[in-house]
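Subject: Structure handover

Hello,

Please read them with the model open.

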Amino acid sequence: MTKTIGYRDWRWQVLWWHLFFLLWSTIDGQTRYNIPEELKRGSVVGNLAKDLGLGLSEIFDRKLRVASEAGEQYFSVDAEKGELVVNDRIDREALCGQSAICVLTLQVVIDKPLQLYRVEVEIQDINDNCPTFPSPETTLQIAESTAAGARFPLETAQDLDRIPCSCIV
């Protein structure tokens with residue numbers, strides 16, 4: 001006994017494949033940049049026009065703009081060059097706290113016709129915070145009879161960067 005595919009089953013398969021290829025063609029790649037924290041105002045993050053496949057004339061004519069999902073406008077677009085630039089210094093610890101990865105998500109909006117792009121900017125940590133101890137001085141009283149190589153526990157230093165740095169404490 002063989003199973004035959006009826007007229008309705010064929011229609012569903014054709015519809016499914018049609019939707020699959022339609023959705024596949026509308027998916028755009030995501031653009032992602034990595035920058036260190038504390039960059040100066042006006043520093044270039046990347047060439048947004050080139051990465052999105054736009055000409056420089058399209059940036060002005062189609063009113064390209066960038067909106068941040070974080071609320072703050074940390075970035076803007078230089079319309080003359082098509083570059084994504086830093087608006088203000090970004091403090092990673094203030095923005096993401098002790099999180100291992102700090103990513104700012106931006107929405108790039110272009111008019112005529114309307115297009116939306118998602119751009120992610122990963123803020124990489126620089127070691128800008130030296131470790132600090134709760135008390136500035138620690139006094140240890142060690143007996144003469146203490147064995148060589150003995151260890152003495154100290155208070156843990158607090159480091160906002162969680163990375164050892166070469167600061168003199």
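Which backbone oxygen lies 3.2 Å from a polar atom of the side chain of S68? The backbone oxygen of E72 does. That is a polar contact, defined as a pair of N or O atoms within 3.5 Å; within protein, one must be able to donate a hydrogen and the other to accept it, and residues adjacent in sequence count only if both atoms are side-chain atoms.

Before the rest, two notes on the basis. This is a predicted model, in which local features need pLDDT of at least 70 and side-chain atom pairs count only at pLDDT 80 or more, while totals for chains, interfaces and linings use all residues. Residues are numbered from 1 along each chain as its sequence is written, and side-chain values use heavy atoms, with hydrogens and water left out.

S68 and strand 3

S68 belongs to strand 3; strands (E, at least two residues) and helices (H or I, at least four) are DSSP runs, numbered from the N terminus. S68 has a relative accessible area of 15%, so it is buried (buried is under 20%, exposed over 50%, partly exposed in between, with a 1.4 Å probe and protein chains only). Leaving out residues up to four places away in sequence, S68 touches Q73, T105 and L106, where contact means heavy atoms within 4.5 Å. L106, in strand 6, also stands opposite S68. Strand 3 and strand 6 are antiparallel and pair over four bridges; two strands pair if DSSP finds at least two bridges between them.

Strand 1 runs parallel to strand 7 (residues 115-124), and six bridges join them. N34 stands opposite E122 of strand 7.

The other open sheet to note has three strands in the order 2-5-4, with antiparallel pairing. Strand 2 (44-47) and strand 4 (75-78) are its edge strands, each pairing on one side only. Four bridges link strand 4 and strand 5, and D78 stands opposite E83 in strand 5.

The core

The largest nonpolar core has 24 residues; such a core is a set of buried Ala, Val, Leu, Ile, Met, Phe, Trp, Tyr and Cys residues joined through side-chain atoms within 4.5 Å. V45, L48, F75, L84, V108 and V121 have the most contacts inside it. At least two residues each come from strand 1, helix 2 (48-52), strand 5 (83-86), strand 6 (103-110) and strand 7. Among the residues that V108 touches, not counting those up to four places away in sequence, are L48, L52, L64, V66 and L116.

The disulfide

How many disulfides does a search of the whole structure find? It finds one, taking a disulfide as a pair of cysteine sulfur atoms within 2.5 Å. C96 is joined to C102, with S to S at 2.0 Å. The link is right-handed, with 60° about the S-S bond. C96 is partly exposed at a relative accessible area of 22%, whereas C102 is buried at 1%.

Regards
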